[in-house]
Amino acid sequence: MAAAFAAGAEAIEAFSDLDKLVKASEKWPTEKCILAGERGGKRVDGFDLGNSPRDHSPELTAGRRLFMSTTNGTRCLERIQATPLVMTAALTTRQAVVKKLLAHKPETVWLVGSGWEGTNSLEDTVCAGAIIHGVMTATGQSFVDCTDNDSAVAAVALYEQWKDRMLELMHVATHGQRLLRLNNTADLEYCARMDVMDIVPEQESPGVLVHRG
């Protein structure tokens, strides 16, 4: 999502259901929308794009709305869309997310990992840990001050263990293994980078995300 906004996307509409996505996209001029669908790490047949951040460029994406459905992430967003403030995060945008959290100063923050088909995923957990670590570093808070469950502490521990070997962790993770079986090493290299984009997608209305700059 951050890659799409970096390339100039107008907005992103997230769907768990592919048929609902297609129906919603039909309300927009064809030249103003992109259909992005991913299942099992592969692009959905008939869609313009899958879920690779490397697919986006200003020539393709700028000024267009992304209608997006993924195996895990967009389903997760649908579950939490009634939350007062929803932001999406990645290792690539970690520091931008930390800055946004410090600016908003919410009383409670839930870091919700999309996982993989209902199970835990290392890449989501290490990203959560990186965000918590960033907040703790910026504020000087301790684990007791900043975290409220053992999962948060474990996420930071995972980040501290692997922070200098993030690409190696991606290769160990089960979803990384899936991408490797698809010969997709480039996406792993892209997603293992830390703090390279100053972009935080935020939900503007249920299921619709924008980049406010």
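Which residues touch the most other members of the largest nonpolar core? Of its 20 residues, they are Leu91, Val126, Ile131 and Met166. A nonpolar core is a set of buried Ala, Val, Leu, Ile, Met, Phe, Trp, Tyr and Cys residues joined through side-chain atoms within 4.5 Å.

## Basis of the model

This is a predicted model, in which local features need pLDDT of at least 70 and side-chain atom pairs count only at pLDDT 80 or more, while totals for chains, interfaces and linings use all residues. Residues are numbered from 1 along each chain as its sequence is written, and side-chain values use heavy atoms, leaving out hydrogens and water.

## The chain as a whole

The protein chain has 11 helices and 6 strands. These are DSSP runs numbered from the N terminus: helices are H or I with at least four residues, strands E with at least two. The radius of gyration is 17 Å, close to the 17 Å that the globule rule gives for 213 residues, so the chain is as compact as a globular protein of that length. This radius is taken over C-alpha atoms, and the globule rule is 2.2 Å times the number of residues to the power 0.38. Along its principal axes, the C-alpha trace spans about 50 × 40 × 30 Å.

Of the 213 residues, 45% count as buried. Buried means under 20% relative accessible area, exposed over 50%, and partly exposed in between (1.4 Å probe, protein chains only). The accessible surface comes to about 11500 Å², and 49% of this belongs to carbon and sulfur atoms. Areas come from the Shrake-Rupley method with a 1.4 Å probe; for residues, only the protein chains shown count as cover. Among contacts (heavy atoms within 4.5 Å) between residues at least 6 apart in sequence, 69% join residues at least 24 apart.

The largest nonpolar core has 20 residues, including Met166. At least two residues of this core come from each of H5, H6, helix H8 (150-162) and helix H9 (166-172). H6 gives the largest share, 5 residues. Leaving aside residues up to four places away in sequence, Met166 touches Leu91, Val126, Tyr159, Ala192 and Met194. Another core lies apart from this one; it has 14 residues, among them Ala2, Leu49, Met68 and Met197.

## Strands and hairpins

Strand S2 (residues 33-39) is mostly covered, with 6 of its 7 residues buried. Strands pair if DSSP finds at least two bridges between them. S2 runs parallel to strand S4 (residues 65-69), joined by 5 bridges, and Gly37 stands opposite Ser69 in S4. S2 is also joined to strand S3 (residues 42-43), in the antiparallel sense, by 2 bridges. Here Arg39 stands opposite Lys42. The hairpin of S2 and S3 has 2 residues between the strands, and Gly40 in the turn has a positive phi of about 65°.

Strand S5 (residues 202-205) and strand S6 (residues 208-210) pair antiparallel over 3 bridges. Gln203 has Leu209 in S6 as its bridge partner. Their hairpin has 2 residues between the strands, and Gly207 takes a positive phi near 85°.

Ile34 belongs to strand S2. Its relative accessible area is 1%, so Ile34 is buried. Beyond residues up to four places away in sequence, Ile34 touches Asp48, Leu49, Leu60, Thr61, Arg64, Arg65, Leu66 and Phe67.

Ser121 is in the loop between helix H5 (94-104) and helix H6 (122-139). Ser121 counts as buried because its relative accessibility is 4%. Its side chain makes a polar contact with the side chain of Asp124 (3.1 Å). A polar contact is a pair of N or O atoms within 3.5 Å; within protein, one must be able to donate a hydrogen and the other to accept it, and residues adjacent in sequence count only if both atoms are side-chain atoms.
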